[in-house]
Amino acid sequence: MDFRLVLIAIAIVGLIGLACAVILALASYFMSVKVDEKYTKIRACLPGANCGACGYTGCDGYAKALADGTVSKTNLCVPGADTTSRALSDILGVAFEDVEEKVAYVHCNGTCEAAPKKAEYDGIGTCRSAALTFGGPNSCVYGCLGFGDCADACPENAICMNDGIARIDIRKCIGCGICTRTCPKHIISLIPVTAKTVIQCSSQAKGAQAMKECKNSCIGCKKCELNCESGAIKVVNNLAAIDYSKCNHCGKCVEVCPRKCLKLADFAKSYGAQHAL
Amino acid sequence: MKELLIILMSSVLVDNYVLSKTLGICPFLGVSKKIDQAVGMGIAVIFVMIMATAATWPVQVYLLDPNGLGYLQTIVFILVIAALVQFIEIVLKKFIPGLHKALGVYLPLITTNCAVLGVTIDNFGNHSVGGEIITGLNFGQSLVYAAGSGLGFLLAMVLFSGVRSRIDGPTTPKVFRGLPVTLIAASVVSLAFLGFGGIIDNLFK
């Protein structure tokens, strides 16, 4: 056995390996691309839910915009709330801004008992699919379909289907707004946590029709609008809409509503129990 | 010139790496879901195949063969290709960030791609050129062969991503959805390429 052959083989493969290693080491030293330190720090503060509530493509996009200085608002991250905003303000050295905490709310109360079905739907079991079939099986075409597309989309499992309609667990909701974009009927919206009054209907049908279609529908009678002290409620397209920037939480509208589709709520209490306000 | 054309055409159509030699099946099945991803992967493979050939051909001819170390071909080629791909990635990141972003995750994926290793080893294998059998291509022929193989890979990827967009629909029976129907479709596309068998000899008569 000739050991020289073995030695030559080892030497050549070793040399090639060494040469490759040296070239790679030199290349990574001389041609390294600097990553902005600020970016790494900012990205670490963000929750990483990639929900898009800030208006950027995920947390990476928001962190990049903050690091580049294209945006200086630190309060855009709704899921991260005040903690994230405060941390971001510290890194960037800008004034702390309070995040307006928001929660998702389903504007529908068309329970199985209140809103009768107009047809039997036997197709693919998603809201999107059902909505394409004559607006869904419910008599009211504006209401919740109850197949739970929003529940599937929710990253926090905060939504469950109860009595034919979606219900959101305020304690789990992070206000990312993914459900508002998923719902084919667009009946979920983000409302401020401080809101005390909510409208539980999305029906734009005229009074008589709305009354026929659902027991809990808004018929657009304008009683709430006339009784509102601060002018926060306006009836648009046969549906009451609340302007939360004007609402003074007096609760008069809830008292006068003949259909009981306006409701008093206290999100801040249950929300604050779980999230640091 | 005619020789090079024959090598190019036969490596694209007849000896297609994916569909005839069944090498590089992993990216072929993995990244052929969308046509833009398939094109990105295909271009990255062309790029790396040519670079790898340019790097490994001199290693084989000037380092391994004179020392009687032909049996170390596989391990040395793996080493060289892996280092080369890493090096290309560093260079691209520094000087051509646009291309680096476009190739994205596909570039490091190719590091251990068997199709790339297959091309560099096949450069020293037997090739039928114009009725003659050549053992071992020269440097220029090797580069053309690598480019042709890469183009063949791109062609297979693009064709198959088109096929996949049709078979992933709701008309496919539930038991076949996903991988089973993809593999069956791949075999059918491969059969179609069998038809190119005698085309080169008659094309360049």
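Modeller: Start with chain B, where H8(B) passes H9(B) in a right-handed crossing. A crossing is called right-handed if the near helix is turned clockwise from the far one by less than a right angle, and left-handed if anticlockwise. This is a predicted model, in which local features need pLDDT of at least 70 and side-chain atom pairs count only at pLDDT 80 or more, while totals for chains, interfaces and linings use all residues. Residues are numbered from 1 along each chain as its sequence is written, chains are lettered from A and ligands numbered from 1 in the order in which they are written, and side-chain values use heavy atoms, with hydrogens and water left out.

Biologist: At what angle do the axes of H8 and H9 of chain B cross?

Modeller: Roughly 135°, and the axes come within 10 Å; H8 covers residues 139-167 and H9 residues 179-194. Axes are lines fitted to C-alpha atoms, for helices over the stretch in contact, and angles run from 0 to 180 degrees between N-to-C directions. H8(B) and H9(B) are therefore oblique to each other. The classes are roughly parallel under 35 degrees, roughly antiparallel over 145, roughly perpendicular from 65 to 115, and oblique for the rest.

Biologist: And H3 and H4 of chain B, how do their axes cross?

Modeller: Also at roughly 135°, for H3 (residues 35-64) and H4 (residues 73-95), with the axes coming within 9 Å. H3(B) and H4(B) are oblique to each other, and H3(B) passes H4(B) in a right-handed crossing.

Biologist: How many helices and strands does chain B have?

Modeller: Chain B has 10 helices and 2 strands. Both kinds are DSSP runs numbered from the N terminus: helices are H or I with at least four residues, strands are E with at least two. The order from the N terminus is α-α-α-α-α-α-α-β-β-α-α-α. Of the 205 residues in chain B, 45% are buried. Buried means under 20% relative accessible area, exposed over 50%, and partly exposed in between, using a 1.4 Å probe and protein chains only.

Biologist: Switching to salt bridges. How many over all chains?

Modeller: There are 6, each being a side-chain nitrogen of Lys or Arg within 4 Å of a carboxyl oxygen of Asp or Glu. One of them joins Asp60(A) and Arg43(A) at 2.5 Å, N to O. Asp60(A) is in helix H3 (residues 58-68) of chain A and Arg43(A) in helix H2 (residues 37-45), so the pair ties together parts 17 residues apart in sequence.

Biologist: What about Asp68(A) and Lys64(A)?

Modeller: Their side chains form a salt bridge at 3.9 Å, N to O. Both residues lie in helix H3 of chain A, 4 residues apart, about one turn of the helix.

Biologist: Which residue does Glu229(A) pair with?

Modeller: Lys252(A), with the closest N and O atoms 2.6 Å apart. Glu229(A) sits in the loop between helix H9 (223-227) and strand S6 (233-236) of chain A and Lys252(A) in helix H10, so the pair ties together parts 23 residues apart in sequence. Glu229(A) is exposed at 51% relative accessible area, whereas Lys252(A) is partly exposed at 33%.

Biologist: Where is Cys257(A)?

Modeller: Cys257(A) is in the loop between helix H10 (252-256) and strand S8 (262-264) of chain A. Cys257(A) is buried, with a relative accessible area of 8%. Cys257(A) and Ile219(A) are 38 residues apart in sequence, and their C-alpha atoms are 9.9 Å apart.
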